[in-house]
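Dear colleague,

I am handing over the structure below, and after it I set out what I found on going through it. Please read the notes with the model open beside you.

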Amino acid sequence: MTPQTITAAASGTWKLGDLTVHRVGLGAMRLPQHGEAFAADAVPRDRDRAIGVLRRAVELGVNHIDTAAFYFSPLRSANELINQALAPYPDDLVIATKVGPGRDPAGQWLPHADPGQLRGQVEENLRQLGRDHLDVVNLRIVGTDSIAERFGALADLREAGLIRHLGLSNVHPHHLVEAQAIAPVVCVQNMYGIGASPEQRAFLDVCGAQGIAFVPFYSIAGTGRTAGATTDHSPEVRALARAHGVSTAQIRLAWTLHQGSHVLAIPGTGDLDHLAQNVATGSLRLTEDELAALDPLHHETV
């Protein structure tokens, strides 16, 4: 079976609240530009190529797209590309966005939004996506301070009908407890991949025990982060890639999906071949022995 014939259905499903999604989705961060995301000199991606990736993703069964209003480069905005490519949206498509960070028109980072500014960020996402409500909004934070006021502001917008479900991004376990006292949380979006610490694994397990989706970012990029897929692969990862006839990126992504049925992958790409490979990874099964071979890597830095 070739990657082009494997759809996202092969990865199984999970629910974000009452919304069912395939476990392999698509991250939109890389759609607006070539090279490193958020770089001041980023070269905009060809519009037709980016739109083609989005449409092909949906053809391959992807029904979970992760985006943000601050995903843009000169001339290109991820949200507006999604709107142009996919509106009117398929009934089963779930678009998750995040608020908190912001960038000015020149691309410079702004201070994270305070509670009063979050409504403006939500409305910006609504306008760019052409929606009257947002399926999932993740509050992305930096640090360990209380999120009660900010999450409470989003909970108010959920009550007003602008948001269907709420999630958290880049948070600690105590933030989840704090948020749950205010409103339901359907997902936690944190950095996670081969080399994850015991603390990161424990948080993933807490989410699973509560039926909360865990959505890792940089599971393929690793230490490459916004620059893209890492080339720093261990001998174990390379050996498994050879054994299965797949890329090292696919092994990293498959390992992540094997961490729990509640784990949802959102690999980002602007390349049709990489898209097909990412989706096909949902059908890749690693044995217990193969997973055990990667265990020593848990002590490396993600």
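Leaving aside its neighbours within four places in sequence, His64 is in contact with Leu16, Val21, His22, Gly25, Leu26, Leu93, Val94, Ala96, Val215, Leu264 and Ile266. Please bear in mind throughout that this is a predicted model. His64 belongs to strand S6, and with a relative accessible area of 3% the residue counts as buried, because the cut-off for that is under 20%.

Not counting residues up to four places away in sequence, Leu26 touches Leu54, Ala57, Val62, His64, Ile65, Asp66, Ile266, Pro267, Thr269 and Leu275. For a sense of scale, Leu26 and Ala181 are 155 residues apart in sequence, and their C-alpha atoms are 30 Å apart in space.

These strands belong to an open sheet of seven strands, which follow one another in the order S3-S6-S9-S12-S13-S14-S15 with parallel pairing. Strand S3 (26–27) and strand S15 (213–214) are the edge strands, each of them pairing on one side only. Helix H4 (residues 148–159) packs on this sheet, where it touches S9, S12 and strand S13 (163–169), and the direction of H4 makes about 160° with that of S13.

Which residues of S9 point one way and which the other? Val94, Ala96 and Lys98 point one way from the strand, while Ile95, Thr97 and Val99 point the other way, and all of them are buried. S9 is thus mostly covered, six of its six residues being buried. On the S12 side, strand S9 (residues 94–99) pairs with strand S12 (residues 134–140) in the parallel sense over four bridges; Lys98 has Asn138 as its bridge partner there, and Val99 stands opposite Leu139.

From S12 the sheet continues to S13, the two strands running parallel and being joined by six bridges, with Leu166 in S13 as the bridge partner of Val137. Six of the seven residues of S13 are buried, so this strand is largely enclosed by the rest of the structure.

Helix H2 (residues 78–86) deserves a separate paragraph. Its buried residues are Ala78, Asn79, Leu81, Ile82, Ala85 and Leu86. They lie on the same side of H2, because they cover an arc of only 160° around the axis. An α-helix has 3.6 residues a turn, so residues three or four places apart point the same way. What covers the buried residues of H2 includes helix H1 (47–59), strand S6 (64–66), strand S8 (76–77), S9 and helix H3 (115–129).

Why are there no disulfides in the model? The count comes to zero, and Cys187 shows the reason: its sulfur is 9.3 Å from the closest cysteine sulfur, that of Cys207, which is too far for a bond because a disulfide requires the two sulfur atoms to be within 2.5 Å. Cys207, for its part, is in no disulfide, the nearest cysteine sulfur being that of Cys187 at 9.3 Å. Cys187 is buried at a relative accessible area of 3%, and Cys207 also counts as buried, at 0% relative accessibility.

Finally, some values for the chain as a whole. The protein chain has ten helices and 15 strands. Its radius of gyration is 18 Å, close to the 19 Å that the globule rule gives for 302 residues, so the chain is as compact as a globular protein of that length. The C-alpha trace spans about 50 × 45 × 35 Å along its principal axes, and buried residues make up 55% of the 302 residues. Among contacts between residues at least 6 apart in sequence, 73% join residues at least 24 apart.

With best regards

Conventions:
Residues are numbered from 1 along each chain as its sequence is written. This is a predicted model: local features need pLDDT of at least 70, side-chain atom pairs count only at pLDDT 80 or more; totals for chains, interfaces and linings use all residues. Side-chain values use heavy atoms; hydrogens and water are left out. Buried means under 20% relative accessible area, exposed over 50%, partly exposed in between (1.4 Å probe, protein chains only). Two strands pair if DSSP finds at least two bridges between them. Contact means heavy atoms within 4.5 Å. Axes are lines fitted to C-alpha atoms, for helices over the stretch in contact, and angles run from 0 to 180 degrees between N-to-C directions. The arc is that of the directions from the helix axis to the C-beta atoms. The radius of gyration is taken over C-alpha atoms; the globule rule is 2.2 Å times the number of residues to the power 0.38.
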